[in-house]
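Good morning, and thank you for coming. Please look at the sequence and the structure on the screen while I speak.

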Amino acid sequence: MEDNKKIRKELLEAVNNLSDEQLNSHPEEGRWSIIQVLNHLYLMERIITKGIADKLKSGESIPAEDKPIEYTLNREVKVTAPPFVIPSEAFQTLDEVKNKLSESRQAFIQVVDSANEKDLEQKSFPHPLFKELSLKQWIPFVGLHEKRHLLQIEELKSKL
């Protein structure tokens with residue numbers, strides 16, 4: 001969780017000095033704006049938190065082999081976001097999205113802190129690319145996913 005905390009701090013520092021207009025602009029045709037990337041991260045964290053919470057409540061145990069989740073950082077591999085984590089086109093302020101990200105992180109921490117280590121290791125749910133991923137691996141995946149998108153944000157910032 002410490003890595004996740006550090007990555008989130010870097011992410012927010014990367015966007016703090018941008019105006020809401022810059023955050024909502026599309027420097028590249030057909031790509032998300034920076035605010036959409038941030039909103040995508042909020043949607044992802046919510047869905048992962050729900051997935052972990054649901055699996056912790058269920059009696060079902062499906063252990064999963066460790067996957068090479070560090071490949072998440074390879075931006076040469078393009079991934080199409082599932083429809084339920086595609087952000088809206090609506091104009092949003094940085095404060096609005098920061099509040100959402102704070103809310104999703106608090107919920108994520110609460111679910112993870114309530115789990116026992118055995119459940120995190122013995123339970124899983126599917127990831128679109130890695131297939132079955134243990135709940136334990138979903139935790140660092142959140143940070144790696146944010147780091148992947150931090151790289152995207154830096155690319156977008158350079159084109160503003």
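Leu 94 lies in helix α4, where helices (H or I, at least four residues) and strands (E, at least two) are DSSP runs, numbered from the N terminus. This is a predicted model, in which local features need pLDDT of at least 70 and side-chain atom pairs count only at pLDDT 80 or more, whereas totals for chains, interfaces and linings use all residues. Residues are numbered from 1 along each chain as its sequence is written, and side-chain values use heavy atoms, with hydrogens and water left out.

Is Leu 94 buried or exposed? Its relative accessibility is 8%, so Leu 94 counts as buried. Buried means under 20% relative accessible area, exposed means over 50%, and partly exposed is in between, with a 1.4 Å probe and protein chains only. Not counting residues up to four places away in sequence, Leu 94 touches Val 15, Asn 16, Asp 20, Leu 23, Ile 35 and Leu 38; contact means heavy atoms within 4.5 Å. Glu 21 is 73 residues from Leu 94 along the chain, and the C-alpha atoms of the two are separated by 9.8 Å.

Let us now see how the helices are arranged. The axes of α3 and α6 come within 10 Å and cross at roughly 175°. Axes are lines fitted to C-alpha atoms, for helices over the stretch in contact, and angles run from 0 to 180 degrees between N-to-C directions. The helices α3 and α6 are therefore roughly antiparallel to each other; angles under 35 degrees count as roughly parallel, over 145 as roughly antiparallel, 65 to 115 as roughly perpendicular and the rest as oblique. Among the residues that make this contact are Ile 34, Leu 38, Ile 48 and Ile 52 of α3, and Trp 138, Val 142 and Ile 153 of α6. By class, the contact of α3 with α6 has 14 nonpolar, 4 polar and 4 charged residues. In this scheme Ala, Val, Leu, Ile, Met, Phe, Trp, Tyr, Cys and Pro count as nonpolar, Asp, Glu, Lys and Arg as charged, and the others, Gly among them, as polar.

Helix α6 (residues 135-158) has a further partner in helix α4 (residues 94-114): their axes come within 11 Å and cross at roughly 155°. So α4 and α6 are likewise roughly antiparallel to each other. On the α4 side, Arg 105, Phe 108 and Val 112 meet Ile 139, Val 142 and Glu 146 in α6. This contact has 4 nonpolar, no polar and 2 charged residues.

Gln 36 is found in helix α3 and, at 3% relative accessibility, counts as buried. Beyond its neighbours up to four places away in sequence, Gln 36 touches His 26, Pro 87, Ser 88 and Glu 89. Glu 155, by contrast, is found in helix α6 and counts as partly exposed, at 31% relative accessibility. Leaving aside neighbours within four places in sequence, Glu 155 is in contact with Arg 31 and Arg 75.

Most residues other than glycine have a negative phi. Lys 131 sits in strand β2 (residues 131-134) and is exposed, with a relative accessible area of 53%.

Finally, let us consider the whole chain. The protein has 6 helices and 2 strands, and from the N terminus on the elements run α-α-α-α-α-β-β-α. Of its 160 residues, 43% count as buried. Among contacts between residues at least 6 apart in sequence, 82% join residues at least 24 apart.
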